[in-house]
Amino acid sequence: MLKEHLLLARCRNFKNLIVLINKMDTIDWSQERYLKIVSTVQTYLKEIRWKDDHTTFLPISAWEVIGLSESDKF
């Protein structure tokens with residue numbers, strides 16, 4: 001499903017992309033796992049010719065509300 005969403009973003013001419021990597025707390029904020037996910041997504045982005053400098057990756061924990069702004073908390 002990830003590939004389809006990235007392709008839809010590309011087809012809709014989105015200029016920038018923010019990739020939130022959720023549930024990082026469940027793996028004790030493993031940098032190794034985070035970098036593996038980033039690498040996988042970057043591979044998909046290269047396939048659809050998305051520019052690396054137009055993508056931001058953010059590790060978050062929505063359950064613990066870590067990485068979200070105050071206005072996003074409920």
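Helices α1 and α2 are oblique to each other, a label for angles that are not under 35 degrees (roughly parallel), over 145 (roughly antiparallel) or 65 to 115 (roughly perpendicular). This is a predicted model, in which local features need pLDDT of at least 70, side-chain atom pairs count only at pLDDT 80 or more, and totals for chains, interfaces and linings use all residues. Residues are numbered from 1 along each chain as its sequence is written, and side-chain values use heavy atoms, without hydrogens and water.

Start with the helix pair. Helix α1 covers residues 2-11 and helix α2 covers residues 31-47. Their axes come within 10 Å and cross at roughly 45°. Axes here are lines fitted to C-alpha atoms, for helices over the stretch in contact, with angles from 0 to 180 degrees between N-to-C directions. Helices (H or I, at least four residues) and strands (E, at least two) are DSSP runs, numbered from the N terminus. The crossing of α1 and α2 is right-handed: the near helix is turned clockwise from the far one by less than a right angle.

Which residues in α1 and α2 meet? From α1 come Leu-2, Lys-3 and Leu-6; from α2 come Val-41, Tyr-44, Leu-45 and Glu-47. Five residues in this contact are nonpolar, two are charged and none is polar. Leu, Val and Tyr count as nonpolar, Lys and Glu as charged.

Next, strand β2. This strand spans residues 55-59 and includes Thr-55. Is Thr-55 buried or exposed? Thr-55 counts as buried because its relative accessibility is 14%; buried means under 20% relative accessible area, exposed over 50%, and partly exposed in between, with a 1.4 Å probe and protein chains only. Leaving aside neighbours within four places in sequence, Thr-55 is in contact (heavy atoms within 4.5 Å) with Leu-17, Val-19, Leu-45 and Trp-50. Leu-45 also belongs to the α1 and α2 contact. The side chains of Thr-55 and Trp-50 are joined by a polar contact of 3.1 Å.

Now the loops. Arg-49 lies between α2 and β2. Arg-49 counts as exposed, because its relative accessibility is 70%. Its C-alpha atom is separated by 8.7 Å from that of Arg-10, 39 residues away along the chain.

Backbone angles come last. Most residues other than glycine have a negative phi. Arg-49 has a positive phi of about 60°. Trp-29 has a positive phi too, near 55°. Trp-29 sits in the loop between β1 (17-21) and α2. At 36% relative accessibility, Trp-29 counts as partly exposed.

Methods: Polar contact = N/O pair within 3.5 Å; in protein donor to acceptor, adjacent residues only side chain to side chain.
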